Amino acid sequence: MDSPRQPKGGNRNREAKRGQNHSMTPPPKDAYARLLSQHHSSKFRSYLEQYAQGFSLQGEDNGPTAALGAYNDRPDIPQWKRDQALIDSPDSNDISLPSPFKCKGENSSLALYMEKLNSRGAWQDSDRKQQAMPGNSRQRHGERRDTATSQDGDVESGEEFASPKPRDSQQHQKQKRNKDLHRDGALIHQGSASPMKTSCSGQEQEKKKSKKKKNVPKNQEEENRRDGMMMSAAVDADIQALKSPHSKGNNMQQAAQACGSPADKNNKNGRGAQGSKKQIFESYMTSEEVSHGLKRGQLIQGALRINAKKYQEAFLPSPDGTRDIFLDGTVARNRALNGDIVVVQVLPRDQWKVVKSDTDCEGAGESQAKAEQLPSPDVIVEDQYSEHDEVINRVKSMSLGAKDNGERGGHPEDPSTPRPNGEILQMTAKVVYIVEQKHSRAATGFLKFLPNKPIAMFAPVDHRVPRINVPLADCPADFSSRPGDYANTLFICRITNWPSDTNFAQGRLAKTLGQAGEIEPETEGILIEYDVDFADFPDEVLGCLPQNLPWTIPPEELTKRRDLRKECIFTIDPATARDLDDALSCKPLPDGNFEVGVHIADVSYFVHEGNALDTMASKRATSVYMVQKVVPMLPRLLCEELCSLNPLTDRLTFSVIWTITPQGKILSEWFGRSVIRSCVKLSYDHAQGMIEAPDKMFSPEELPPVASEHPIDQIHRAVLDLHAIAKSLRAQRFIDGALRLDRLKLSFTLDKETMMPQGCYVYQYRDSNKLVEEFMLLANIATAHHIYRAFPEQALLRRHPPPQAKMVEELQEFCDQMGLDVDFSSAGALHRSLRDVFSDDEYATARKEVLTNMCFRPMQMAVYFGTGVVQDEALFKHYALNVPFYTHFTSPIRRYADVIVHRLLAASLGCGHSVRLTGDQIDKQASHCNDKKTASKRVGELSTELFFGVLVKECGPLDSEAMVMGVLDQSFDVLVLRYGVQKRIYCKSVEGLETFQHHKVGKKSELTLVWASDDPQKPSERQVISLFTLVEVQLRTDTVAMKYTALLKRPEEKAS
């Protein structure tokens, strides 16, 4: 691993000179103040203007580089000042404004001020020249500075909010050289301090950085105000750098950057000859270098996730399953976006992040912690699984104190072991290669007008996406003359390029969506941003469907199948469902046992491998469900008609039929193709009513249309028998060690005409849902065993890796300190703990939900995979279900993975063609299905957030009790009990709050809020906020369209 590059000899000499003068130089801030107070005369200002004009005139003749050359030729200017002028030159990506806060010993305030005037004069003159040049379409980009408070689909590690440790003196020298780039904003940590400031010593600078990281903005408007301070100037610099004849980067310089840290922006990093363009990002390694580094364990591959609330922070799963690898700032990400598969190089140990060793509260409020979060941390490269152990060993050797060049001290230290002050080191890395751009490179956002510029600024709503410069030609015709008309208009922009020497990406506007805050434009933006294909199916695809309608099953096909049309078979689905892909049957046998069947739509009969319909389905990979609509994987003729198991209609199916005892013990099993005729379409409400009223005689008016040959009482009896068997199966699953983590789900009632939300409720998971779930699980498990036995190298299965061990250890330690008896030793032990940990009172469900959210954070994602690629059978296990083999078989209408499984099953039974896909091809398709499933899940969540935001706007403000689920140093997260949503409350934005104080006892984090008294005669009121604290909140619409804010109410308001 390369160490940080050291300065050349000349640099060392300059540093030595600075050190000699350090004690002789007065404090720069005082010197600068005296300068300004003593030299306000017109004569002095005239002198400065003439001094700067000399360089401007030279710039008119020869460009900016000539001006710098003249400056460097002056014998009275020391060498180090010439270098500084080069750093601040107009060919640089940064804008250097006069700042009084220079470090001691660098230069006098007068020289500094004149130097800045020179640099600005040359730059502005070059700006005027270039603006007069027509036809220049080259664009430049700047760096975004605002932070996000919206929630996102990724799970952030528990240490993402920790403050960095002060670096040593060597690191400080690097920071001094980097100060100009930091002013651009994307590398500036959160805080209200001016971005122009730099400190006068490494220790002071790091203290200020630490303080900045603690200062969370009160709201988004504050960030936008700070953002606007520099955006215009940065864009100016970007445009001029593009127009400059020196703006093309030197290829040799770019190639040399791959061996240095992206944070190391010194003279070696792309500055080379005078006037050359300064590099912001390193050039990527070659594929050969990456392959070699991965095989030797020197590089690590994984899926990048960017913190939605602090876009400067990103993470990568560690191959050894311990704490995530940290990437600090946009430069370290090297133009990779959220979800991309990247290769990273671990930085020297002295550049690692210092975090607090807790996961008790940090990140707890983010909605990213879902049941299926991110790809597992396996290292995935070509022929890489054999190198997995070597990678883990390499990572462990990095962790255990192998002496890097920048490390101080010689004793090995495990960074995951807390220090006496409770801090630990987190491995920190930089991106050196993008293996696959998983992110769509499309974003929803707004246009910002830039006066007298050939470009417009596109500001994405998702702050993890960079700002994008787009040509004015892409904008509406009257945008330049009437930009205010488009202030609230949503656009879609696609990134087309992101050069290594700019912070802004380049892009093109793809579409105008409509007004922000309206459901349909917002929904379309979500779909495009997550690369969901919602276009109409082309004629080529529709041509693969049966053309003679109405379609009937061919007689010859009936002879190949088991005829179950006379059996009592029915569907149980949501009331609004139209794609019915599973049905159930239960017939009592004379010996007291039951014949239970699961019947799944035979989609593979209609979707032939390799045709246009199959290609389209494989690309879409899943149907996408939103609040008001569904984007189907297959054409609606299949989804809602030919494949859907509609009642009173003959349909082709794949069936699994068991002989099973009342206690749920399986005696026999049969797989095969069949034909059924569903006798009724039951909703979950209908089935629940039958379960809750076992003795009731239901009338035909209480149910949907029922086939005449099957009495309602027969259907009722079948539902009750299925329910009894399902209860036995479920109890046995949890005895055998399964885990279920339930999450609150918000549902809506919609106006049938406008599709606007009229109300909302927390969805109830009831016995009817559990009935269907148990038999779907049973069918999936049985199918997984069958296809794996038949095709050990081609089977498509689904695995769920165990949770990350280090995060589990820390969560266990936290629960112990909180007095929560939670056993994390296995999935089953955790399930029993969550079931029994709280007493049965009115808030037990809320406390369990909070604890469940905490337990989600160490969990990994369940993923599809090909058995021909993963060699170790122990890795096939599904952790949550605690079964060795699992797959998806029961939803082929909406999941392409199930279609592949159907084909494998048919081939194994001799009733279908052999599968053409190789083991590697199946694994590749499995990976694609994983990506689309993750995107689909996130789209559904954003749709729910969108509709709830509309509801708060139309019906709010909404009051509710809330329970604290995480405490940070200046904010806390709450679960709003009435609506099941999670929100973060910032203490600085709480009205009526006098002060607040954060403190920790061990791992227990608390905030003490001091409320100002309305009565001067009464003392202030104190309120302690900790985990499980009940508070009263009010949800109000935000200034941002479709967003809402949770406001903390005063304790006395709660009492009243």
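Hi everyone, thanks for coming. Please keep in mind throughout that what you see is a predicted model.

Let's start with the nonpolar cores. The largest one has 94 residues, and within it F570 and F775 touch the most other members. Which helix gives the most to this core? That is helix 21, residues 767-790, with ten residues. If you click on F775 and ignore its neighbours within four places in sequence, you will find it in contact with L584, V596, V598, W658, L722, I725, A726 and L729. There is another core lying apart from that one, made of 33 residues, and I519, V952, F972 and C987 are among them.

While we have helix 21 on the screen, look at helix 19, residues 684-692. The axes of these two helices come within 8 Å, crossing at roughly 105 degrees. That angle makes helix 19 roughly perpendicular to helix 21. On the helix 19 side, the contact is made by Y684, A687, Q688 and I691. Helix 21 answers with D767, S768, N769, L771 and V772. Sorted by class, the residues in this contact are five nonpolar, three polar and one charged.

Five strands close it, in the order 9-10-11-13-12, and their pairing is mixed. From one strand to the next, the twist averages 50 degrees. On one side, strand 11 pairs with strand 10, residues 455-460, in the antiparallel sense over four bridges. Within that pairing, I455 has P471 of strand 11 as its bridge partner. Strand 11, residues 468-471, also runs parallel to strand 13, residues 505-515, and two bridges join them. There, I468 stands opposite A505 of strand 13.

Are the faces of strand 11 covered or open? Both are covered: I468 and V470 on one side are buried, and so are N469 and P471 on the other.

Helix 14, residues 519-529, lies across strand 9, strand 12 and strand 13, and runs at about 150 degrees to strand 13.

As background, most residues other than glycine have a negative phi, and most peptide bonds are trans. So which peptide bond is cis? Look between L549 and P550, where omega is near 0 degrees. P550 is found in the loop between helix 15, residues 539-542, and helix 16, residues 555-558.

Then we have two residues with positive phi. R441 is not a glycine, yet its phi is near 65 degrees. You will find R441 in the loop between strand 8, residues 429-436, and strand 9. Is R441 buried or exposed? Its relative accessibility is 10%, so R441 counts as buried, the cut-off being under 20%.

The other one is N882, with phi near 55 degrees. N882 sits in the loop between strand 26, residues 863-866, and helix 25, residues 896-909. Here the relative accessibility is 26%, so N882 counts as partly exposed.

Technical notes
Residues are numbered from 1 along each chain as its sequence is written. This is a predicted model: local features need pLDDT of at least 70, side-chain atom pairs count only at pLDDT 80 or more; totals for chains, interfaces and linings use all residues. Side-chain values use heavy atoms; hydrogens and water are left out. A nonpolar core is a set of buried Ala, Val, Leu, Ile, Met, Phe, Trp, Tyr and Cys residues joined through side-chain atoms within 4.5 Å. Buried means under 20% relative accessible area, exposed over 50%, partly exposed in between (1.4 Å probe, protein chains only). Contact means heavy atoms within 4.5 Å. Two strands pair if DSSP finds at least two bridges between them. Axes are lines fitted to C-alpha atoms, for helices over the stretch in contact, and angles run from 0 to 180 degrees between N-to-C directions. Angles under 35 degrees count as roughly parallel, over 145 as roughly antiparallel, 65 to 115 as roughly perpendicular and the rest as oblique. Ala, Val, Leu, Ile, Met, Phe, Trp, Tyr, Cys and Pro count as nonpolar, Asp, Glu, Lys and Arg as charged, and the others, Gly among them, as polar.
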